[in-house]
Amino acid sequence: MTLACPACNTPFNDNGTLIKDLRCSNKTCTYYNIPYPIINNKPVLICPNLEYSILDTLDQFSNANNTITGFTGRDVDKKRLLFRQKVQDIFYDFSRVEFKNYKKLFQMLNRNSRVLIVGGGNIDTSYSSNLEWVQLFREKNINFTVTDIYLSKNVHFVCDAHYMPFLDSSFDAVIITTVLEHVLSPTIVVGEIYRVLNENGLLYATIPFIQCVHEGAYDFTRFTICGQRWLFRYFEEHESGVFVGTSCAYLYNFTTFISLVSNFKPLGILIRLFLWRLCALFDKLMPKTIHINQGMCNYFIGMKSINQSIKAGEMPDYYKKFIA
């Protein structure tokens, strides 16, 4: 992996080996020879004021609480995250569902693969991580690179997903989960993912469909299963489907409504905690066709393709395979 200027994709001085002094080496670039800031020992590789950048300054990163775009930095306290994970396992069973998909990706990866996690500021990829899928990946000595637009202890580089600071073909796989709804242009971000993946590079993505706004003004897009497939049309599909089903989707939205109406957020969360497993059971009993049309979140596992892997005229047949 070689770092590159996010504005022009030109390698940094000395190919980015001097992490504490990263400067664009392209004399025609607006950011030529201007050092990118290092904050809390993390390179902040963001170019404000570009077309798809939600930032107009880097001052946010110097704030004590790492406030950015109206939200505080990712929660990376290990004890708190471990507690949250345990609660989710008890009430939501998220880890088991997630682990199935990560295991599929793991089986496709080679040893020593380079994996980029986009928007992973709250994902601990260290060797002491409590995440089961991270521990599994470590069995193949996977090399993780974590980015986010938020500064946190877990990230290696702070960057905007529209402008990734890496040379072409830098990674063997990219993981991007529940992030694409928060970017201004998912098409541009997927193009960047395609660019930084090597030949036959792998992609694992999850994107919400029936889910209410969950990050204020920085929540932009939703995708149907077909919309997701078209977004990833330059990837050969290995597997796709519904990640969280219909009953859970409506429970999530209803309990969020309860929290807003009551002006008491914990109330909606408590209702959700106690009813989630029951709704998940209902989802298992429902026909898959219902989830395809009303599921909360979809997933996609695919491989980078040289050519477009699905044509516009094939989309109706693609949908039919889910409702047959």
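Visitor: How many salt bridges does the count come to?

Guide: This is a predicted model, in which local features need pLDDT of at least 70 and side-chain atom pairs count only at pLDDT 80 or more, while totals for chains, interfaces and linings use all residues. Residues are numbered from 1 along each chain as its sequence is written, and side-chain values use heavy atoms, with hydrogens and water left out. A salt bridge is a side-chain nitrogen of Lys or Arg within 4 Å of a carboxyl oxygen of Asp or Glu. By this rule, the count is nine.

Visitor: How many residues apart in sequence are the parts that Asp168 and Arg195 tie together?

Guide: The side chains of Asp168 and Arg195 form a salt bridge, at 2.9 Å from N to O. Asp168 lies in the loop between strand E5 (157-159) and E6, and Arg195 in helix H4, so the pair ties together parts that are 27 residues apart. Helices (H or I, at least four residues) and strands (E, at least two) are DSSP runs, numbered from the N terminus.

Visitor: Is Glu192 buried or exposed?

Guide: Glu192 forms a salt bridge with Arg195, with the closest N and O atoms 2.8 Å apart. Both residues lie in helix H4, three residues apart, about one turn of the helix. Buried means under 20% relative accessible area, exposed over 50%, and partly exposed in between (1.4 Å probe, protein chains only). At 12% relative accessibility, Glu192 is buried.

Visitor: Which residue forms a salt bridge with Arg222?

Guide: Arg222 is partly exposed, with a relative accessible area of 24%. The closest N and O atoms are 2.6 Å apart, and the partner is Asp219.
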